[in-house]
Amino acid sequence: MPTLAVIGSQWGDEGKGKITDYLAEDADLVVRYQGGANAGHTIKVGSEVFALHLLPSGIIREGVLSVIGNGVVVDCDELRTELEMLHKTGRTGDMLRISDRANVVLPYHRMLDGAEERARGAKGVGTTGRGIGPCYADKIARAGIRMGDLLDEVYLWERLDTVYPLKEKLVQSLGIKLEQDKASLLGTLLEYGNLFRPYITDTSVLINDAIKDGKKVMFEGAQGTMLDIDYGTYPFVTSSNCTAAGICSGAGVPPSAIQDVVGVTKAYTTRVGAGPFVTELHDAVGLHLQNVGGEFGTTTGRPRRCGWLDMMVVRHAVRLNGMTSMAMTKLDILNDLPVLKVCVAYEIDGQIVEDFPGNIFKLARAKPIYEELEGWTSASCSPAEIKRKGYGALPKNMRKYLDFITTNAGVPIEIISFGKGRDETIDLRKRRWSE
Ligand code: IMP
């Protein structure tokens, strides 16, 4: 049963797009199971650069079936835009399947996302404004519209009849007006139903059949463990389960279907939006990481907050996801920093804490306890040399940094990425996940 989950260990933006694309070489199916168009996965193939938000990364690879699972919230406008972008590159998008049970992000979800953020003022979450929270809230409140509903006019009208008047009242109370009336929204949704009809199906059956047939199935996480609705820095999180736990409910597979779990871990830490970040740097090193690392959001363009690697975060992610290995990204961004700090524990109210606290009030008082390691220079780290010789060409201190992380996390680093391209990757795996 060759299956693999690729999950972010931190607050998203760890470079999952590249790693998923790299590992998808062996995949028959790539499945997204949570999140929506709030994600931003950048993939570089030769001179082409793809910025995907909703489509699974597998869509770039020929012969790979890309699945949007029921746990994803689908923004139909965005989906159409991404498919059009794909067509322009000569790819058909035919290898896409969308769960009939996936909830639809409706225009009023985006309006409400903005209105709720404005109402929270300085205490806002800093959402991507893509309507994610309001859509998931409707799903849980049993007030959502699902992709399968778009295929049945009578049923869709009945659903809108139930949910629309409530929304109208809610939106009015916030002093805004819905963009479309019920009939016009019905028309838009039916058009999308026609457009996406060939792709909409029961993806749980499809995925489970594929697993039974020995096909290689990859589950692609969006966002990261610290943005998980349950185990992230609540309430500064997204509205889905980004951890491996989300795979079962979001793709419709049993827990036994998850075999290998790769945690994509950036060599330092970043986060977009508000919320606690214990190792955040407000100094020249923080600026260095932001500028050299190009730390600006793929979805919103916002600058990302930057800081040292936090093993409290990584160990939390290892435990929650049952990680079997790590893929380390962006090590080269640390080039030329003479001293590297890695946070190994927190001090909170005079106590040493080694497990990530659930209470952000407590977290706000946390002081990082750092171990210091010696850095390396860019002169000792030649990408061409690394491409040719692999791991042995990495500077000694970089290898020490990697060893330190492996020992502290208790999980091996099996993939090292030192650039955006597929060939800028060191692969230390003894066994490919597909074997
Ligand atoms: P939402 O998912 O748009 O509701 O935003 C909730 C929080 O998650 C905000 O802090 C966002 O910046 C963050 N977020 C959502 N998606 C991503 C992502 O793909 N990468 C990094 N942060 C994200």
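This is a predicted model: local features need pLDDT of at least 70, side-chain atom pairs count only at pLDDT 80 or more; totals for chains, interfaces and linings use all residues.

Q: Which residues in H2 meet which residues in H6?
A: Contact means heavy atoms within 4.5 Å. On the H2 side the residues are Cys-76, Asp-77, Leu-79, Arg-80 and Leu-83, and they meet Tyr-192, Leu-195 and Phe-196 of H6. This contact divides into six nonpolar, no polar and two charged residues; Ala, Val, Leu, Ile, Met, Phe, Trp, Tyr, Cys and Pro count as nonpolar, Asp, Glu, Lys and Arg as charged, and the others, Gly among them, as polar.

Q: How is the packing of two helices described?
A: Two packed helices are described by the angle between their axes and the distance between those axes. Helices (H or I, at least four residues) and strands (E, at least two) are DSSP runs, numbered from the N terminus. Axes are lines fitted to C-alpha atoms, for helices over the stretch in contact, and angles run from 0 to 180 degrees between N-to-C directions. H2 (residues 76-88) and H6 (residues 182-196) pack at about 35°, with axes 11 Å apart.

Q: At what angle do H10 and H13 pack, and how is their crossing handed?
A: H10 (residues 311-321) and H13 (residues 396-409) pack at an angle of about 50°, their axes being 10 Å apart. H10 is therefore oblique to H13 (under 35 degrees is roughly parallel, over 145 roughly antiparallel, 65 to 115 roughly perpendicular, and the rest oblique). The crossing is right-handed. Met-311, Val-314, Arg-315 and Val-318 of H10 make the contact with Ile-405, Asn-408 and Ala-409 of H13.

Q: Which strands pair with S2?
A: Strands pair if DSSP finds at least two bridges between them. S2 is joined to S5 (residues 65-68) by four bridges, in parallel, with Ser-66 as the bridge partner of Val-30. S2 also pairs with S10 in the parallel sense over four bridges, where Phe-219 is the bridge partner of Val-31.

Q: Is Thr-243 buried or exposed?
A: Buried means under 20% relative accessible area, exposed over 50%, and partly exposed in between (1.4 Å probe, protein chains only). Thr-243 counts as buried because its relative accessibility is 4%.

How values were computed:
Residues are numbered from 1 along each chain as its sequence is written. Side-chain values use heavy atoms; hydrogens and water are left out. A crossing is left-handed if the near helix is turned anticlockwise from the far one by less than a right angle, and right-handed if clockwise.
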